[in-house]
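Welcome, and thanks for taking a look at this one with us. Please have the viewer open as you read along.

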Amino acid sequence: MVDIQKEKTLIIIKPDGVQRTLIGEIIKRYEKTGLKLIAMKMVIPTGELVDKHYNVDPEWPQKVGTKALASYERTGKTPPSTDPLVLASNVLNGLISYLSSGPVVVMVWQGMHAVGIVRKITGSTEPLSSDVGTIRGDFTIDSYEVADIANRSVRNLIHASSSTEESEKEIALWFRSEELMNYRLFNETVLYDTNLDCLLD
Ligand code: GDP
């Protein structure tokens, strides 16, 4: 098997996705792309694990804080601080209580462009502006504005890795290597075979 087929991404169906009984619908969308499910479990994560998860990318606090500040400016609301790192710390605290509030479903999906394909189907972070047809756009209704006023995290059903570097670190955090299944799917021949010369007798 060539390496492009082995790109992996981590997906978490967050507690709101589980409570909204969307597990099957969400898995169906990823499964229909042709990506392969290679690990899955249900856990109630500790706050410590969630903290580690959002800190695998050392630049995440700066990125999320800058994004949060821009959303306050866009909606004309006064931010609690103009320091992106303070805003990021508020978002992180919200995420710790959100993700550890109940069971989540954690999965690893594998295949060509796994990270990009999953991000596209998942949709952008804020459900209010996520595209129609994406999971966040179709199945939930939250916004930065309402979440920030309530001082909680945006409830957007899913976490999906944003790069291959991030997915590797996240997978190592949530799964032991022996929990990742190494197997063949018949579908993969059609997706990856160069000549499709195996179809006819
Ligand atoms: P993602 O990769 O699309 O999940 O987005 P990020 O990594 O930027 O943010 C992680 C999570 O934090 C998001 O999925 C939201 O649940 C939450 N979040 C991000 N930005 C904000 C914000 O500005 N305000 C609030 N309240 N929550 C946020």
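What covers the buried residues of α2? Let's work up to that, keeping in mind that this is a predicted model.

## Helix α2 and its cover

Helix α2 spans residues 23-32, and its buried residues are Ile26, Ile27 and Tyr30. These residues lie on the same side of α2, because they take up an arc of only 95° around the axis. Now for the opening question: the cover over the buried residues of α2 includes the strands β1 (8-13), β2 (36-43), β3 (104-110) and β4 (158-160), along with the helices α6 (114-122) and α7 (135-139).

After α2 comes glycine 34, which has a positive phi near 110°.

## Where α3 meets α5

Next, follow helix α3 (residues 47-54) to helix α5 (residues 84-99): their axes come within 9 Å and cross at roughly 130°. With that angle, α3 is oblique to α5. The crossing in which α3 passes α5 is right-handed.

Which residues make the contact? From α3 they are Gly47, Val50, Asp51 and Tyr54, and from α5 they are Leu92, Leu95, Ile96 and Leu99. Sorted by class, the contact of α3 with α5 has six nonpolar residues, one polar and one charged.

How values were computed
Residues numbered from 1 in each chain as written. Predicted model: local features only at pLDDT ≥ 70, side-chain atom pairs only at ≥ 80, totals over all residues. Heavy atoms only, no water. Axes fitted to C-alpha atoms, helices over the stretch in contact; angles between N-to-C directions. Helix = DSSP H or I, 4+ residues; strand = E, 2+ residues; numbered from the N terminus. Parallel < 35°, antiparallel > 145°, perpendicular 65-115°, else oblique. Left-handed = near helix turned anticlockwise from the far one by under 90°. Contact = heavy atoms within 4.5 Å. Nonpolar A, V, L, I, M, F, W, Y, C, P; charged D, E, K, R; others polar. Buried < 20%, exposed > 50% of the residue type's maximum accessible area, 1.4 Å probe, protein only. Arc of directions from axis to C-beta.
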